[in-house]
Amino acid sequence: HEDACYGSDWIVFFIQFIICHIYSWGMRWFLIEPWVRWKLGPKRATKKRQEKFSQNLVALSFHLLSGYFAWKIISRKPWFSYWDPHQWFAVNSIDTEQQNHVGVDGSTSTDVMTLDAIDADFKFYYLLYAARYMSDLISLWYEHQRSDTWAYGVHHIATIILVFVSGQAGMTRIGGIIMSFLDWADPPMLIAKAFRYLSRHPKDWYQFMADRFFELFAIGFIMTRNVMYTYIALQAIIHAPNKIDNNNSKNNSHDDHEAMAKTTILILKVFLVVLVLLMKFWLWLIIRSAYHQFKNDGNIDDIRSDSESDDEGTHNRQNSIAYKQKKA
């Protein structure tokens, strides 16, 4: 075991960030965009479509890899539980001598949490999670701009802050619980977008598959990003400790440490709520997109960022109009 996130971890984080960024843009430039030009042909493979297609497939690979390794690493931890909030803040076994700790103000272990320990594999993944979102945050500024780019920016910033603040506070278990399921909602949406970019006609096989994967995404997003995440975030806010007993703060006065601990817990609670509100905003976009799908003879016009305007949306709408006129 090692202590929670400290000095040398920044070096590991920086190396992970560089690797993630090279992977992200290397995949786009040297693999996906050439394939898109070959697959769609010179007329359909516009610059904007290449950028959106490559951005979409890189995001898909990140979510799949992250989701797999999160489940592989976190589900094996003895504290892993979706339904027992006390496990998320329980005193680690290496600190059993402090479980009956009584603070100078008379507080007991019911509202004091000792600084948690973190396994090496989980720590590496925890930092990698932040590195990946740091890469995504920087990439946002020179990618194709969507209608909800601002929401993605807020999400990435909130995620990075939560990772580092929870790591510094030793409260990584709650972060691990959330990481174990959060990535699994997005792959169906990203697959649906890929099929939509390949579609030439509102009733072809690609559009049919896009519609079905969008439906899977809507169900998964509601269950994981809204029901499960909201429940876990609220439980974490309710059961979060009032104090953190950090043995590494011996050089700080008791008052300074207590004030810092209260500020840390407050920051965690605030950004958990920020992400809950973002999930509700995206849920509203999904409901609106589903309504458009219903009005558009069952075909999705776009997904989540459904008000973005581009040549792909115009192409599909023109094909849809032509199809309806032919049918009439």
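Helices in these legends are DSSP runs of H or I of at least four residues, numbered from the N terminus; in this predicted model, Q50 is found in one such run, helix α2.

**Figure 1. Overview of the protein chain.** The protein chain contains ten helices and two strands. Their order along the sequence is α-α-α-β-α-α-α-α-α-β-α-α. Of the 328 residues, 55% count as buried. The chain exposes about 16,000 Å², and carbon and sulfur atoms supply 66% of that area. Among contacts between residues at least 6 apart in sequence, 81% join residues at least 24 apart.

**Figure 2. Packing of helix α1 against helix α2.** Helix α1 spans residues 9–44 and helix α2 spans residues 47–74. The two pack at an angle of about 135°, with their axes 8 Å apart. At that angle α1 is therefore oblique to α2. The crossing of α1 past α2 is right-handed. On the α1 side, the residues in contact are C20, Y23, S24, M27, R28, I32, E33, W35, V36, R37, L40 and R44. They meet K47, R49, Q50, E51, F53, S54, Q55, L57, V58, S61, F62 and L65 of α2. By class, the contact of α1 with α2 comprises twelve nonpolar, five polar and seven charged residues.

**Figure 3. Surroundings of Q50 in helix α2.** Residue Q50 belongs to helix α2 and is one of the α2 residues that meet α1. Q50 counts as buried because its relative accessibility is 7%, and the cut-off for burial is under 20%. With neighbours within four places in sequence left aside, Q50 is in contact with E33, V36, R37 and A45.

Figure 4. L64 is placed in helix α2. With a relative accessible area of 38%, L64 is partly exposed. Its contacts, apart from neighbours within four places in sequence, are with W184 and P187. D183 is 119 residues away from L64 along the chain, and the C-alpha atoms of L64 and D183 are separated by 7.3 Å.

**Figure 5. Crossing of helix α4 and helix α6.** Helix α4 (residues 120–140) and helix α6 (residues 172–182) have axes that come within 11 Å and cross at roughly 70°. The two helices are therefore roughly perpendicular to each other. Their crossing is left-handed. Helix α4 contributes F122, Y125, Y126 and Y129 to the contact, while helix α6 contributes T172, G175, G176, M179 and L182. Six nonpolar and three polar residues make up this contact, with no charged residues.

Figure 6. Helix α6 is mostly covered, eleven of its eleven residues being buried. The buried residues are T172, R173, I174, G175, G176, I177, I178, M179, S180, F181 and L182. Helix α6 packs with helix α8 (residues 205–239) at an angle of about 175°, and the axes are 11 Å apart. Helix α6 is therefore roughly antiparallel to α8. In this contact, I174, I177, I178, F181 and L182 of α6 meet T224, R225, M228, Y229, I232 and A236 of α8. The contact divides by class into nine nonpolar, one polar and one charged residues. L182 of α6 takes part in the contact with α8 and also in the contact with α4.

**Figure 7. G167 in helix α5.** G167 is found in helix α5, which covers residues 149–169. The relative accessible area of G167 is 0%, and the residue is buried. The C-alpha atoms of G167 and L127 lie 8.9 Å apart in space, whereas the two residues are 40 apart in sequence.

Figure 8. T230 is found in helix α8. This residue has a relative accessible area of 15% and is buried. Not counting residues up to four places away in sequence, T230 touches V276 and K280. The C-alpha atom of T230 is separated by 8.7 Å from that of M279, which is 49 residues away along the chain.

Note on methods. Residues numbered from 1 in each chain as written. Predicted model: local features only at pLDDT ≥ 70, side-chain atom pairs only at ≥ 80, totals over all residues. Heavy atoms only, no water. Axes fitted to C-alpha atoms, helices over the stretch in contact; angles between N-to-C directions. Parallel < 35°, antiparallel > 145°, perpendicular 65-115°, else oblique. Left-handed = near helix turned anticlockwise from the far one by under 90°. Contact = heavy atoms within 4.5 Å. Nonpolar A, V, L, I, M, F, W, Y, C, P; charged D, E, K, R; others polar. Buried < 20%, exposed > 50% of the residue type's maximum accessible area, 1.4 Å probe, protein only. Areas by Shrake-Rupley, 256 points an atom, 1.4 Å probe, with all protein chains shown as cover.
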